[in-house]
Amino acid sequence: MESQKVISCLQACKEGLDINSLESLGQGIKYHFNPSQSVLVMEGDDIGNINRALQKVSYINSRQFPTAGVRRLKVSSKVQCFGEDVCISIPDMDAYVMVLQAMEPQITLQGTDHFWRPAAQFESARGVILFPDIKIVSTFAKVEAPGDVRTTAPKSAVLEEMLHNLDFCDILVLGGDLDPRQECLELNHSELHQRHLDATNSTAGYSIYGVGSMSRYEQVLRHIHYRNWRPASLETRRFRIKCSELNGRYTSNEFNLEVSVLHEVRVSDKEHVNHLIVQPPFLQSVHHPDSRSSIQRSSVVPSIATVVIIISVCMLVFVVAMGVYRVRIAHQHFIQENEAAKEAEMDWDDSALTITVNPMEKHEEPRHGEDDTEGEEEEEEAEEDISSSSGDSDDSEEEEEEEGMGRGRHGQSGARQAQLEWDDSTLPY
């Protein structure tokens, strides 16, 4: 019921013999292949046509990852003679085709490898999705030749992503098989049928198989659920995924997943409130034989970190203090320089002044003083004459005072005159 194109495609082999151009063979050549295309028979009347037809024969291998090795060929020729007693014979010819090693893909599984979920979610009808963000990536190393052919530098390899199909993926349960009475792995079969895949389920895990693209396997793996009806006794569950291509010829890495259960801590009213601070069971550390050494290493690391932090803080405080001190010193120097400049502007510059003393002016001044004293004495005598008419007692007292003052003034003027007299004994004539 299928078309000839579909039937030819179904019968075509991935590897075998082929003819490049059937139109160029000519009308005098007959040929036919066996079903596996491993044998090609050609017939013709002209030896020239046969030679040209043989040059059109080729070897094909359309596999994405062909098997490396030697493909041996054998060419047998036979001559048919008509009406001749002696016929020539042509020896067989052996040849081979070398198939090189193909670029091997590296299949990598990526995703979250550890998470926690509350116990109530394990008991729900949906359960817990194990691989919500699983990613399947396949890469191969592509060798790039150097730009300069004459250089002997090694060729660099670049990883490139490629798309291909997978054969199966296995989800294995680690740490013991599943207990069917309280736990199981579930997958909706409609997810498999939509993507033309099949699966088998057992207590050891889940196996998905069938030729399909990597994206199809990703979608199916993201719908696998884990359920547990009694999570109170469960702490953790570990799973492992491994996928392959070409019946295990190329396998992926082993992706391990650990799922932990968060338990609720219920405290009764009789217990002290401080008991709420007690560490929950699921957060308690697991003690190993080498716990003492690990505790010692963990105690050393915080002490070193504390010392480094203290030293850093001290250095920071020292740098800030030095900066403040330098700023204050610079400010004081600036103020002192301003005050010194103002004082220098207000000082009187008397370096260019010259004082000359004339001794003759000093000698004349006492004489004027003497004349003044004589005038004063005459005035005092006139006053004495006027006051004598008023009373004898008062006149006597005033005369005594005036005589004392006159004497004192005469004594002072005499002393000044003696000091200011010119000493001409040393002058030569």
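Two strands are said to pair if DSSP finds at least two bridges between them; strands (E, at least two residues) and helices (H or I, at least four residues) are DSSP runs, numbered from the N terminus. This is a predicted model, in which local features need pLDDT of at least 70 and side-chain atom pairs count only at pLDDT 80 or more, while totals for chains, interfaces and linings use all residues. Residues are numbered from 1 along each chain as its sequence is written, and side-chain values use heavy atoms, with hydrogens and water left out.

Select β9, β16 and β13 first: they form an open, antiparallel sheet of three strands in the order β9-β16-β13. Its edge strands are β9 (128-129) and β13 (183-186), each of which pairs on one side only. Next, show β16 (residues 225-228), which pairs with β9 in the antiparallel sense over two bridges. Within this pairing, V128 stands opposite Y226 of β16.

Now move to helix α5 (residues 214-221) and select M214, Y217, E218, V220 and L221, its buried residues (buried: under 20% relative accessible area, 1.4 Å probe, protein chains only). They lie on the same side of α5 because they cover an arc of only 165° around the axis, taken from the directions from the helix axis to the C-beta atoms.

Finally, display the whole chain, with its eight helices and 19 strands. Of its 429 residues, 21% are buried. Of the contacts (heavy atoms within 4.5 Å) between residues at least 6 apart in sequence, 63% join residues at least 24 apart.

Technical notes:
Buried means under 20% relative accessible area, exposed over 50%, partly exposed in between (1.4 Å probe, protein chains only).
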